[in-house]
Amino acid sequence: MSNYTPRTFKSSIESCLDLGGMEVHTDMFSDEVRDMVQERIDIHQDSIADVTYYHEAFEVVAGSDWNDYESEDNDFSNCDSSMQALMQEANGIVNTAWYSISGEVAEEITAEIMHFIEAAQGEDYNGKISLAACTTHGWTPHAKEDLEGVCFYYNLEGEKGLSALEYQVASGVYASICWNK
């Protein structure tokens, strides 16, 4: 069984992703959010989308898991050996896969953030949304939850009017807001 597959590749992208400190606002459009998420993902391209071992190169070039991706414009004239050509082709395939898979991850996370923005706007909130690697309000029971899992908190800590929303937008990443309603 192969350890270097598009599935493990996607898992690597998701596990390296750090959205903490990303400035999201309720008036942002989907394209803006997606570009910001993609920038955060692309930071890790060099460490994830790199075939460094020959066994990985064999898995990529010869393995059926990678058939959906092709290496484009290969020029093997600078290769001194078949192993160099193999590594070049494998890295080309993985580079193509990077753009496809990282784009899918960015789209998925963007859809989740946009759902949260819609929920916030539905509660008449307009402002900054915090993204963090942990739950902010999970310690207190929530009043309700929408079908997607956005948690609604009203009168937090007995404070009249202090409300919050929280939602897991990616593995280990939570969007939250807190405001006086």
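The following conversation explains the terms applied to a predicted model.

Visitor: What makes a run of residues a helix or a strand?
Guide: Both are DSSP runs, numbered from the N terminus: a helix is H or I with at least four residues, and a strand is E with at least two. The chain has five helices and six strands, in the order α-β-α-α-α-α-β-β-β-β-β.

Visitor: Why are residues of H1 said to line one face of the helix?
Guide: Buried means under 20% relative accessible area, exposed over 50%, and partly exposed in between (1.4 Å probe, protein chains only). In H1 (residues 6–16), Pro6, Phe9 and Ile13 are buried. Seen down the axis, the buried residues fall within an arc of 55°, so they line one face; the arc is that of the directions from the helix axis to the C-beta atoms. Arg7 and Ser15, on the other side of H1, are exposed.

Visitor: What do the buried residues of H1 pack against?
Guide: They pack against helix H2 (30–42), helix H3 (45–48) and helix H5 (82–122), where contact means heavy atoms within 4.5 Å.

Visitor: How do you know how many disulfides the structure has?
Guide: A disulfide is counted when a pair of cysteine sulfur atoms lies within 2.5 Å, and a search of the whole structure finds zero. Cys16 is in no disulfide, as the nearest cysteine sulfur, that of Cys134, is 19 Å away. For Cys134, the closest cysteine sulfur is in Cys178 at 14 Å, which is too far for a bond.

Visitor: Why are Cys16 and Cys134 placed in their accessibility class?
Guide: Cys16 has 30% relative accessibility, so this residue counts as partly exposed. Cys134, at 47%, therefore also counts as partly exposed.

Visitor: How does the chain compare with a compact globule?
Guide: The radius of gyration is taken over C-alpha atoms, and the globule rule is 2.2 Å times the number of residues to the power 0.38. For 181 residues a compact globule would have a value near 16 Å, but the chain has 21 Å. The C-alpha atoms fill a box of roughly 75 × 30 × 25 Å along the principal axes.

Visitor: What makes the phi of Asp124 worth noting?
Guide: Most residues other than glycine have a negative phi. Asp124 has a phi near 65°, a positive value in a residue other than glycine. Asp124 lies in the loop between H5 and strand S2 (128–132), and its relative accessibility is 70%, so Asp124 counts as exposed.

Visitor: Why is Gln84 called partly exposed?
Guide: Gln84 lies in helix H5, and its relative accessibility is 37%, so Gln84 counts as partly exposed. Leaving aside neighbours within four places in sequence, Gln84 is in contact with Asn78 and Cys79.

Conventions
Residues are numbered from 1 along each chain as its sequence is written. This is a predicted model: local features need pLDDT of at least 70, side-chain atom pairs count only at pLDDT 80 or more; totals for chains, interfaces and linings use all residues. Side-chain values use heavy atoms; hydrogens and water are left out.
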